[in-house]
Amino acid sequence: LGFPRQIAHGMWSLARCLSELEEDLPQVPWTVSVSFRKPVLLPSPVLFSTGREEEALVFDLRTRDAQKPHLEGRILTD
């Protein structure tokens, strides 16, 4: 696909982020939306962060220097 090295699939990256949030996920039905920005080349160190924004739990996965996002997501209760 033209990448210089193997990559972590975006859906795997999303699943890994959600597993880190497992204890913070609401007990009611919820919806996740995600924007995939930049592939994660393997091996690569990444930074995972979470926060709150209005009614949403937000998270992102970024390059080690925190300058470029690999993915950005939001979790909203239905």
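1. Is E72 buried, partly exposed or exposed? In this predicted model, E72 has a relative accessible area of 27% and is therefore partly exposed.

2. The side chain of E72 meets that of R62 in a salt bridge, with 3.5 Å from N to O. This pair links distant parts of the chain, since E72 belongs to strand β6 and R62 to strand β5, the two being 10 residues apart. Through salt bridges with shared partners, E72 and R62 are joined with R37 and D60 into one network.

3. Strand β6, which spans residues 69-77, also holds R74, whereas E53 lies in strand β4. E53 and R74 form a salt bridge in which the closest N and O atoms are 2.6 Å apart, so that parts of the chain separated by 21 residues in sequence are tied together. Both partners are partly exposed, E53 with a relative accessible area of 41% and R74 with one of 28%.

4. Among the 5 salt bridges of the structure is that between the side chains of E20 and R16, at 2.8 Å from N to O. These residues sit 4 apart in helix α1 (residues 10-20), which means that about one helical turn separates them. E20 is partly exposed at 46% relative accessible area, and R16 is likewise partly exposed at 40%.

5. The structure holds 1 aromatic pair, formed by F48 and F59, whose ring centres are 6.5 Å apart and whose planes stand at 45°, so the pair is tilted. F48 lies in strand β4 (residues 46-53) and F59 in strand β5 (residues 56-63), and the pair therefore ties together parts 11 residues apart in sequence. F59 is buried, with a relative accessible area of 3%, while F48 is partly exposed, with 30%.

Terms used:
Residues numbered from 1 in each chain as written. Predicted model: local features only at pLDDT ≥ 70, side-chain atom pairs only at ≥ 80, totals over all residues. Heavy atoms only, no water. Phe/Tyr/Trp six-rings, centres within 6.5 Å; stacked < 30°, edge-to-face > 60°. Buried < 20%, exposed > 50% of the residue type's maximum accessible area, 1.4 Å probe, protein only. Salt bridge = Lys/Arg side-chain N within 4 Å of Asp/Glu carboxyl O.
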